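User: Got a model open here. Can you walk me through it?
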Amino acid sequence: MNAIKQLFGGNTRQFGMIFALVALVLFFQWQTGGVILTPDNVINLVNGYSYILILAIGMVLVIIAGHIDLSVGSVAAFVGIVVALTMQDWGLPWYMGIVVGLVLGAVIGAWQGFFVAYVGIPAFIVTLAGMLLFRGANQYFGKSLTIPVSADFQYIGAGYLKEIGPDTGYNNLTLLLGFIAVAALIWGELRSRRKAVALGADVKPLWVSITRLVILCAVVLYVTYLFATGRPGTSFPVPGIILGVLVLAYGFISARTTIGRHIYAVGGNRHAAALSGVKSKRTDFLVILNMSVLAGLAGMIFVARSNASGPSDGVGWELDAIAAVFIGGAAVTGGVGTVVGSMIGGLVMAVLNNGLQLMGVGSDMTQIIKGLVLLAAVVFDVYNKSQGKPSFIGHMMKRLGGRDNPDLAVAEPVKDAVRVES
Amino acid sequence: MPSANPIILQMRSITKEFPGVKALSDVSIAVRAGEIHSICGENGAGKSTLMKVLSGVYPFGSYGGEIVFQNEVCEFKDIRASENAGIAIIHQELALIPELSVMENIFLGNEPTRFGVINWAEARLRSVELMARVGLDEDPDTPVKEIGVGKQQLVEIAKALNKSVKLLILDEPTAALNESDSQHLLDLIRGLKGKGISCIMISHKLNEIEQVSDSITIIRDGKTIETLDVKADGVDEDRIIKGMVGRTLESRFPDHTPQIGEVFFEVRNWTVAHPQIADRLVCKNSSFNVRRGEIVGFAGLMGAGRTELARSLFGRSYGNYVSGQIIKDGKEITLRNVPEAIRHGLGYVTEDRKTLGLNLLDDIKTTTVAANLPAISKHTVVDLDKEYAVAEQYRRQLRTKTPSVDEGVAKLSGGNQQKVVLAKWMFTDPDLLILDEPTRGIDVGAKYEIYGIIQALASQGKGVIVISSELPELLGISDRIYTIFEGAITGVLNKDQASQESLMKRMTAVKKSA
């Protein structure tokens with residue numbers, strides 16, 4: 001037990017969600033006779049869920065800031081149809097199509113952000129309106145038809161890395177990505193050890209570092225192997241690469257930059273943030289704006305993958321994204337959540353969906369199971385908090401240190417109390 | 001005589017553990033019928049935890065020890081169970097619904113019904129009677145948000161009386177009240193005592209405790225230290241403090257020789273309107289100045305407009321600016337928002353630490369740097385090593401009691417939280433620091449340290465404004481004291497001229513001293 005603690009730092013519960021994910025994969029591996037971990041299936045998994053995970057990146061920031069965005073599915077659909085139409089009617093090249101999509105996403109985000117941040121309307125209402133508005137706009141401009149997109153454009157949603165270099169029997173670029181990831185892991189571990197020495201903090205025993213690295217690298221290499229050994233012409237898919245870049249970028253922004261700090265501060269205590277000089281309205285505006293840009297991107301990737309934009313693209317995506325974020329440990333009240341946690345939450349949902357499908361479970365049961373999993377994850381989290389134990393989901397990152405105060409968690413009656421200054 | 005009365009409540013060897021912390025290790029207390037029993041102890045000593053055990057917030061089974069109330073062993077599983085037994089607790093943060101009327105609040109959760117339908121006629125009659133008993137002169141239909149904090153406190157007591165309470169627990173009842181409201185409340189508690197209702201009171205205001213208590217139990221580090229009989233033992237404030245801190249405090253204020261320079265900050269004819277009601281002025285034509293190295297006190301009753309003045313100066317974070325000038329270092333400056341105020345060297349520590357001052361989800365190090373992120377970041381990327389180093393430096397300098405700066409601020413005691421907030425503002429290196437009730441809810445030992453910090457800031461040549469409801473505190477640390485009454489500055493007294501009486505006169509009788 002102690003060994004596991006040292007291996008993963010802090011409380012073993014912190015990694016409960018990762019273990020749940022691993023357990024889920026192993027369970028389906030057993031139930032489906034090994035189908036879930038075949039190259040074709042993991043490639044499908046990434047292609048089929050990357051756009052939801054991209055939405056979850058934006059959504060976790062929105063939720064940390066204490067808001068919600070219900071419009072993402074409709075915004076994605078609207079951006080998708082406009083991009084498909086402009087490319088078809090004006091003959092825009094694929095890259096200009098992407099620019100049009102991102103700009104349109106930003107404009108929509110500015111519109112919604114304006115009402116949320118500067119007019120002070122709850123995001124729930126503004127984005128509920130946006131959900132109707134942009135769904136209608138999609139169907140109005142697309143005349144409820146399906147608009148195809150060019151093969152060039154399809155690359156961002158269904159593309160693969162090229163086959164280059166010597167014939168190794170693997171996709172060489174995928175191998176390269178895997179090796180870069182392994183190198184980054186080793187470099188990161190070395191760097192943190194060096195830093196700990198420099199700061200005079202406690203240095204983890206060497207065996208902990210090594211064991212951890214071995215486990216992580218083995219996982220990365222195995223996944224690399226899976227992606228590199230698919231059917232000829234396939235590799236780690238392009239949407240997966242886009243997602244990976246976004247996770248790294250947003251993970252960094254949320255944890256390490258001033259704007260990231262401001263988002264947590266505004267969500268944690270808006271008044272305290274404002275009195276510390278945080279421009280809370282601007283923060284709200286940017287978070288909502290960013291969400292719509294990412295929704296636009298997700299819409300384009302989906303359109304590219306399905307070769308065409310249609311009137312019912314993106315229906316229900318907001319719910320998948322929100323579920324991923326909450327399974328990933330974010331708090332409804334704001335101030336808590338991480339990008340990486342949301343990715344794991346999203347992957348749990350994706351693996352569940354995929355695995356049940358492979359087992360031949362119908363969509364009725366799949367929905368019931370997904371609903372129960374969402375509820376169970378949050379119930380377990382809340383229960384842990386109320387017991388004064390650190391929440392295992394919420395504590396996946398050290399950022400959330402302050403949540404496990406026993407007094408705060410148990411003294412519910414006082415929390416609802418009010419003091420009204422006359 | 002209370003000392004002859006039978007014992008109504010006995011808590012024996014109460015222990016309560018939280019993961020990693022033993023909040024109560026062995027606390028026993030005995031309360032007699034019809035007495036006012038105060039519980040004293042520094043923050044974190046376990047007073048509130050003990051009261052939560054007693055009132056069933058922590059259910060039976062989650063603590064060790066035994067509770068005997070009215071000769072029956074009690075095993076409360078929730079608050080409702082303790083209320084049914086006749087124990088009511090009034091928390092520091094009032095549990096009232098602001099939108100509901102006084103009457104609705106009194107009967108909330110306990111509505112008189114006939115066949116499941118609320119009998120408002122009876123509720124009205126009974127609420128008028130209850131309001132008369134607590135001396136609350138208001139229309140029962142007035143929404144609670146429209147009456148002052150003092151009266152809200154009375155509504156809480158009326159609510160408790162309605163439940164035929166035998167033992168009333170008051171947690172810091174006067175913390176947010178002004179002098180006259182406090183006095184009224186204390187009189188009321190004494191009146192209830194005459195009617196056979198016992199009362200347990202937790203308060204940091206030792207003068208009040210000394211004034212109303214029959215006996216005092218002192219708790220330190222989760223253990224009962226002693227129980228004092230106020231009259232028989234001749235207890236005074238110093239005696240209580242000695243028990244609380246385990247030693248005699250030589251002085252309540254550190255030594256300080258002010259080195260006062262020239263005027264560097266001046267406010268002229270500052271007028272601000274209420275944020276919602278345009279024709280109601282919360283600051284009227286106020287002018288004052290602060291000199292380098294000076295600690296300037298602001299005295300005024302609750303609601304006199306002290307906080308409103310401070311916050312409107314601090315980047316117009318309260319109210320609507322009407323007119324007035326701010327002159328700093330000889331130049332007029334305009335502070336339209338908080339970032340501008342911070343840039344011009346102002347800092348403001350709020351009176352309401354938990355709702356306005358701290359993000360309770362944050363840890364110490366992120367809080368310490370929160371108001372000055374640019375100083376530890378490069379191209380907006382925060383340097384985590386610098387952050388740690390800065391937080392660690394202030395932790396040592398201010399002697400914040402915490403295992404590490406990675407700890408969450410929610411876990412800290414009030415005094416240590418306040419040190420973290422002070423560190424946050426010290427890190428912005430302000431020229432003028434405005435401290436609004438800097439020692440509210442902080443125990444005696446920590447207060448002394450906070451005063452030391454304030455004096456050290458002044459010695460560095462900074463100007464410090466201290467707003468406080470506690471006149472002894474202002475008299476102890478200020479070099480000069482302004483008085484405020486109904487939004488207007490009514491006078492200024494030097495340290496050597498000021499006394500509680502002379503200040504109080506200017507805080508209440510505006511015409512004589514203006």
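Analyst: One term before we start: two residues are in contact if their C-beta atoms, placed from the backbone, lie within 7 Å. Among contacts in chain B between residues at least 6 apart in sequence, 68% join residues at least 24 apart.

User: What are the ground rules for this model?
Analyst: The model is predicted: local features need pLDDT of at least 70, side-chain atom pairs count only at pLDDT 80 or more, and totals for chains, interfaces and linings use all residues. Residues are numbered from 1 along each chain as its sequence is written, while chains are lettered from A and ligands numbered from 1 in the order in which they are written.

User: OK. How many helices and strands in chain B?
Analyst: Chain B has 19 helices and 24 strands. These are DSSP runs numbered from the N terminus: helices are H or I, at least four residues, and strands are E, at least two.

User: And how compact is chain B?
Analyst: As compact as a globular protein of 514 residues, because its radius of gyration is 24 Å, close to the 24 Å from the globule rule. That radius is taken over C-alpha atoms, and the rule is 2.2 Å times the number of residues to the power 0.38. The C-alpha trace of chain B spans about 70 × 50 × 50 Å along its principal axes.

User: Which domains does chain B have?
Analyst: Domain 1 is 2–245, domain 2 is 259–345 + 430–514, and domain 3 is 353–429. The bounds come from an automatic or database domain assignment.

User: How many residues link domains 1 and 2 of chain B?
Analyst: Eleven residues of domain 1 of chain B are in contact with ten of domain 2 of chain B. Helix H9 (residues 237–245) of chain B gives the most to the domain 1 side, with three residues. The centres of the two domains, over C-alpha atoms, are 34 Å apart.

User: Switching to helix H18 of chain B. Which residues are buried there?
Analyst: In H18 (residues 500–508) of chain B, they are B:Leu503, B:Arg506 and B:Met507. They sit on the same side of H18(B), because they cover an arc of only 105 degrees around the axis. The arc is that of the directions from the helix axis to the C-beta atoms. Buried means 20 or more other C-beta atoms within 10 Å of the residue's own; exposed means 12 or fewer, and partly exposed is in between, with C-beta atoms placed from the backbone.

User: Now chain A. Where is A:Ile121?
Analyst: A:Ile121 is in the loop between helix H5 (94–119) and helix H6 (123–141) of chain A.

User: Why is A:Ile121 called partly exposed?
Analyst: Because A:Ile121 has 15 other C-beta atoms within 10 Å.
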